[in-house]
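Subject: Structure handover

Hello,

Here is the structure I promised to pass on. Please open it alongside this email; my notes follow below.

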Amino acid sequence: MTANMNAFANGAELAGKLADKVAETLSAAIAARGSASIAVSGGSTPKAFFQALSSRSIDWGKMTITLVDERFVPADNPRSNHLLVQENLLKDKAASAQFFPLYQAVASVEEAAIIATEKTKSIGFPFDVAILGMGNDGHTASFFPGGSNLATALDPKTPRGIITMEAEGAGEPRLTFTFSSLQDARLLVLHIEGEGKKEVLAKAEAPGDETEMPIRAVLRRAASPVEIYWAP
Ligand SMILES: O=C1O[C@H](COP(=O)(O)O)[C@@H](O)[C@H](O)[C@H]1O
């Protein structure tokens, strides 16, 4: 599949340009279908982008926001991706958007995955926009090298929805949308920053096993072109 590199001078410029592109895509989706959806990543990278996007003039009342992946922790935990979205995206003009969390306050992560899959079905597929990140180990979403459910998560025949993932590099047990749920987003973005991540990307683009660097599944097999947004 194709991947296009969009490189920027710095993180602030990237955040603004990515917010412009996403806002344009979401507004076009609302004009065409009456509503729009976006699945976003967590981690340390997307904060400035979230803040920029929250100020854009979109018909936020027609917007659904969810997460690409989440830790099995409640929303008041500092490591929660929900918390990051709550504090940086679900505010300003975006405060009226509807948010679907992946974490559920139940006893097991497996139970949470079943409930989250049911609850997020109403969002509808494909997502209008999916924003992926990438870890230094080549993981994206919660597709971790050595992950307990990695083969299932990456299998294109696995139904759309949320599954669990446990891995040494993951910390807490995780909830993640499957590859099949993300790979055909109408706008599929890989947002990475720093020289180190650029080197990881170069390694991922070289021959090698998907299970060693799961981002390869997206770069090689996504139905949608991958728009890479990078800044030093
Ligand atoms: O664990 C996670 O990490 C990745 C990458 O995060 P970053 O801090 O290196 O940008 C992120 O895409 C994912 O959503 C998150 O759960």
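First, a definition: Ala, Val, Leu, Ile, Met, Phe, Trp, Tyr, Cys and Pro count as nonpolar, Asp, Glu, Lys and Arg as charged, and the others, Gly among them, as polar. The model is predicted: local features need pLDDT of at least 70, side-chain atom pairs count only at pLDDT 80 or more, and totals for chains, interfaces and linings use all residues. Numbering runs from 1 along each chain as its sequence is written.

Ligand shell. Its residues comprise 2 nonpolar, 9 polar and 1 charged. Among them are Ser 41, Gly 42, Thr 45, Asp 69, Met 134 and Ser 142. (Near means a C-beta atom, placed from the backbone, within 6 Å of the molecule.)

Helix α7, residues 195-205. Lys 197, Leu 201 and Ala 204 are buried. (Buried is 20 or more other C-beta atoms within 10 Å of a residue's own, exposed 12 or fewer, partly exposed in between; C-beta atoms are placed from the backbone. Helices are DSSP runs of H or I, at least four residues; strands are E, at least two; both are numbered from the N terminus.) Glu 195, Gly 196, Glu 199 and Ala 202 are exposed on the other side of α7.

Most residues other than glycine have a negative phi, and most peptide bonds are trans. The Phe 125 to Pro 126 bond is cis, with omega near -5°. Asp 92 has a positive phi of about 50° and is partly exposed. Ala 141 also has a positive phi, about 45°, but is buried, with 30 other C-beta atoms within 10 Å.

Best wishes
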